[in-house]
Amino acid sequence: MKNKFLYIVTLAAWMIFIFACTKNDNAKLPDGITKRALPQLSKDATKDQSILAANLPGFNGAINVALYFPDGEQPKTTDVVVAMNGKFNNIKVLQGGLTSLPASVPITGPQLMQLFSLPANGVKAGDFFDVAINFNMNDGRQLHGFGDTITLSDGSKQFLRPYGSDVEGFAKLVRKVTFTVK
């Protein structure tokens with residue numbers, strides 16, 4: 001009798017579960033949520049992967065720039081930007097105006113020297129250069145690869161993560177590459 005009762009309760013629970021699900025349970029996205037272009041970056045494996053402190057002028061690297069969602073919203077133009085040693089208040093445009101993705105973008109020691117006003121011996125072991133993407137969208141929006149700092153109505157500042165906070169969990173997403181000085 002006890003086993004029969006357990007069987008009936010289990011069967012009833014399954015019936016409630018089955019009948020509680022409907023084909024139209026897919027809710028709409030809340031207002032204000034939009035799809036965004038996301039970069040997918042990688043270092044070109046055939047080029048330099050790091051920078052030698054004793055030979056900044058000889059550095060010859062490259063990055064591959066693509067979209068994480070290749071069939072998604074396409075940017076009007078893409079700018080490759082670089083920051084040195086995590087100083088995101090001094091971001092330089094490495095190459096601007098890319099109109100077609102995927103693309104390969106060279107990054108050389110002489111470019112870095114010119115952008116950051118560095119002498120040939122201007123880096124030391126432990127220095128690094130982060131490379132990211134700024135998208136200029138067809139509707140005029142700009143999506144900044146290193147994020148944005150905005151001023152709130154009370155005058156305080158707030159940092160906004162690039163592309164929104166939820167993208168950090170996307171499988172195999174690489175939105176920034178780093179070249180380290182050794």
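How many nonpolar, polar and charged residues are in the lining of the second largest pocket? I looked this up in a predicted model. The lining has six nonpolar, five polar and five charged residues.

**Entry: the pocket.** I noted a volume of about 230 Å³ for the second largest pocket. I listed 16 residues that line this pocket. Those that lie nearest its centre are F88, G145, F146, G147 and F159.

**Entry: R175.** The side chain of R175 reaches the backbone oxygen of G145 at 3.4 Å. I placed R175 in the loop between β9 (157–160) and β10. Is R175 buried or exposed? R175 counts as buried because its relative accessibility is 19%, and the cut-off for buried is under 20%.

**Entry: the core.** I turned next to the largest nonpolar core, which has 30 residues. Which residues touch the most other members? I found V80 and F129. I then went through the elements that give two or more residues to this core: the strands β2 (60–67), β3 (77–84), β4 (92–98), β5 (103–108), β6 (128–136) and β10 (177–180), and the helix α2 (109–115). The largest share, four residues, comes from β6.

**Entry: V80.** I looked up the contacts of V80, leaving aside its neighbours within four places in sequence. V80 is in contact with I63 and V65, with K92, V93, L94, Q95 and L98, with V105, and with V131, A132 and I133.

Technical notes
Residues numbered from 1 in each chain as written. Predicted model: local features only at pLDDT ≥ 70, side-chain atom pairs only at ≥ 80, totals over all residues. Heavy atoms only, no water. 1 Å grid on protein atoms, 1.4 Å probe; cavity = no way out; pocket = protein on both sides within 12 Å on 5 of 7 lines; lining within 4 Å. Points joined across faces, edges and corners; volume = space filled by probe spheres on them. Nonpolar A, V, L, I, M, F, W, Y, C, P; charged D, E, K, R; others polar. Core = buried A, V, L, I, M, F, W, Y, C linked by side-chain atoms within 4.5 Å. Buried < 20%, exposed > 50% of the residue type's maximum accessible area, 1.4 Å probe, protein only. Contact = heavy atoms within 4.5 Å. Polar contact = N/O pair within 3.5 Å; in protein donor to acceptor, adjacent residues only side chain to side chain.
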